[in-house]
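Thank you all for coming; please have the sequence and the model open while I talk. I will go through some charged side chains and then some ring pairs.

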Amino acid sequence: MPATRVGPAVLTACLLAAAPAFADQPSIAEQTVNAMNAVWGKHAGMRANHAKGIVVEGTFTASKQAASLSKAEMFNGATIPVTARFSNSTGIPNIPDGNPNASPHGFSIRFHQKAGDVDFVENSLKFFPFHTIEEFHDFLLAVAQTGPTAAKPTKVDQFLAAHPAAPKAFASVAPPSSYSRETYNGVNAFILINAAGKRQAVRFQEVPYDGTQHLSAAAAAQQSPNYLEDELPQRLAKGPIKFHLIAQLAGPTDDIKDGTIPWPADRQRVDLGTITITQVDPNSDATQKTLLFLPGDLTDGIEPSDDPLIDARNQAYAVSFGRRSQ
């Protein structure tokens, strides 16, 4: 099974995104990747963010309830292969897994349908710190301008005071005991369409069968630098890792355009099926260099919402992929 199917149109888009803009001002996606490089450095062949990661393989089997929400092929009940990647935050390839800056941790999943691949790109934040890519860019600039001797209030202090959702979102993460014991959230809304044409806004979530388990900051600091990557194959040697794929259904008053606003906890959740991880890709380091996960790479039965971050993420990931592929 091929790990990725990047077609000519996607490759062209990536190369265009990575090329210098004809206008005087580079695109906001290019500016954001530049800001990531300013904060975390440039590392040839590596992602601008979530640089450290490990590729795994497995399957997905939809639940009986899934087809009532979406006509997508992946929800027809058949078992299909998946390629996924667990990762640490930042663009630092050797960041210790227990470093506070390694959170939020990521879980990107590619569902290999016959009709074409579908990507879900999730992380452990319970909601997103920024409403737009411009806000994320400005935060990165503030970090780049805040050194250990910066006067108070620093640029970061000023940014967080002006954007109260950001510190609340950052406070929602903690280091997991295992990649398999973390809950991963899709902080953007998507629209599911069923065979009757009914549309339902949802946010996706991957919940571990074994339950979520976090470490304290002190305990995480005592772990080996690669404890998450080292533990994963050891756990898989004992049996597969399973996640529930959950859809949280938006209510009529819920904001589907702003990822900084969590939906109420009492909103209905539907179990769409089981993601089963069976093995680490034996060529993980090589494979992950070729993988481009795009949250807007969807299929008939799943559409993006009007959240501006979905397209912004697509563009920024394409810029990063184009640069690391050159």
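Predicted model: local features only at pLDDT ≥ 70, side-chain atom pairs only at ≥ 80, totals over all residues.

K152 has a relative accessible area of 67%, so this residue is exposed, where exposed means over 50% relative accessible area, buried means under 20%, and partly exposed is in between, with a 1.4 Å probe and protein chains only. The side chain of K152 meets that of D157 in a salt bridge, with 3.4 Å from N to O, and D157, at 29% relative accessibility, counts as partly exposed. By a salt bridge I mean a side-chain nitrogen of Lys or Arg within 4 Å of a carboxyl oxygen of Asp or Glu.

Residues are numbered from 1 along each chain as its sequence is written, and side-chain values use heavy atoms, with hydrogens and water left out.

How many salt bridges does the rule give? The count comes to nine, and one of them joins E231 to R235, whose closest N and O atoms are 2.5 Å apart. Both residues lie in helix α8 (residues 227–236), four residues apart, which is about one turn of the helix; helices here are DSSP runs of H or I with at least four residues, strands are runs of E with at least two, and both are numbered from the N terminus. E231 counts as buried because its relative accessibility is 16%, whereas R235, at 24%, is partly exposed. Through shared partners, salt bridges join D210, E231 and R235 into one network.

Now to the rings, where the structure holds 19 aromatic pairs, meaning rings of Phe, Tyr and Trp (its six-membered ring) with centres within 6.5 Å, called stacked if the planes are under 30 degrees apart, edge-to-face if over 60, and tilted for the rest. Among them is the edge-to-face pair of F60 and F111, at 5.3 Å centre to centre with 80° between the planes. This pair links distant parts of the chain, since F60 is in strand β1 (residues 53–62) and F111 is in strand β3 (residues 106–113), 51 residues apart.
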